[in-house]
Amino acid sequence: MDEKQTPQPLQPDELSRKLSQWERENPRATFTEIEEAVEVELAQLRKQVVEEMLQQKEAAAQEAPTCPQCGEKMVKNGRRQRELKSKEGQTIELDRQHWRCLSCGETLFPPG
C-alpha cells in the first residue's frame with residue numbers, strides 16, 4: 001500500500017524556537033504584528049494536527065460499509081483525493097477510500 005506521509009506536527013519547542021527567531025528578526029514588532037506571527041504558526045500547526053487526526057480516523061475505519069441504497073456490503077473501489085477548506089482558508093488534503101456496491105452499482109465516498 002502506498003501511503004502518503006503526513007508531516008509531523010510542530011513540537012512546542014520547535015514552535016517556540018521559530019517564534020523566538022521571528023522575534024529576533026523583528027525587534028520593533030508591534031503587538032498586532034506579534035499576534036499575526038503567532039497566528040500564522042498556529043494555523044499551520046492546526047492544519048497539521050487536523051490532517052493527522054483525519055488520516056488516523058480513515059485508517060481505523062477500514063470495515064466495508066453497507067450500501068445505503070440496497071443494504072449489501074460494499075467493496076473497495078480505489079482511493080480518491082479530497083480537499084477541504086479549514087476555518088482559516090487553508091486546504092486540507094485527504095486520501096479517502098472509495099466504495100462500490102456490486103449489487104446495485106451505488107458508490108460511496110465517505111464524508112470528511
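Reader: How many salt bridges are there here?
Author: The count comes to five salt bridges. This is a predicted model, and the count covers pairs with a side-chain nitrogen of Lys or Arg within 4 Å of a carboxyl oxygen of Asp or Glu.

Reader: OK, take D95. Which residue does D95 meet in a salt bridge?
Author: D95 pairs with R79, at 2.9 Å from N to O.

Reader: And where do those two lie?
Author: D95 is in strand β2, residues 91-100, and R79 is in strand β1. They are 16 residues apart in sequence, so the pair ties together separate parts of the chain.

Reader: Is D95 buried or exposed?
Author: D95 is buried, because its relative accessible area is 18% and the cut-off for buried is under 20%.

Reader: Switching to E63. What does the side chain of E63 meet?
Author: The side chain of K73, in a salt bridge of 3.8 Å, N to O. Both residues sit in the loop between α2 (31-60) and β1 (75-85), 10 residues apart.

Reader: Why does E63 count as exposed?
Author: Its relative accessibility is 65%, and exposed means over 50%.

Reader: Last one, E39. What does E39 form a salt bridge with?
Author: With R46; the closest N and O atoms are 3.7 Å apart.

Reader: What are the relative accessible areas there?
Author: E39 has 42% and R46 has 35%. E39 is therefore partly exposed, and R46 is partly exposed as well.

Definitions and conventions:
Residues are numbered from 1 along each chain as its sequence is written. This is a predicted model: local features need pLDDT of at least 70, side-chain atom pairs count only at pLDDT 80 or more; totals for chains, interfaces and linings use all residues. Side-chain values use heavy atoms; hydrogens and water are left out. Buried means under 20% relative accessible area, exposed over 50%, partly exposed in between (1.4 Å probe, protein chains only). Helices (H or I, at least four residues) and strands (E, at least two) are DSSP runs, numbered from the N terminus.
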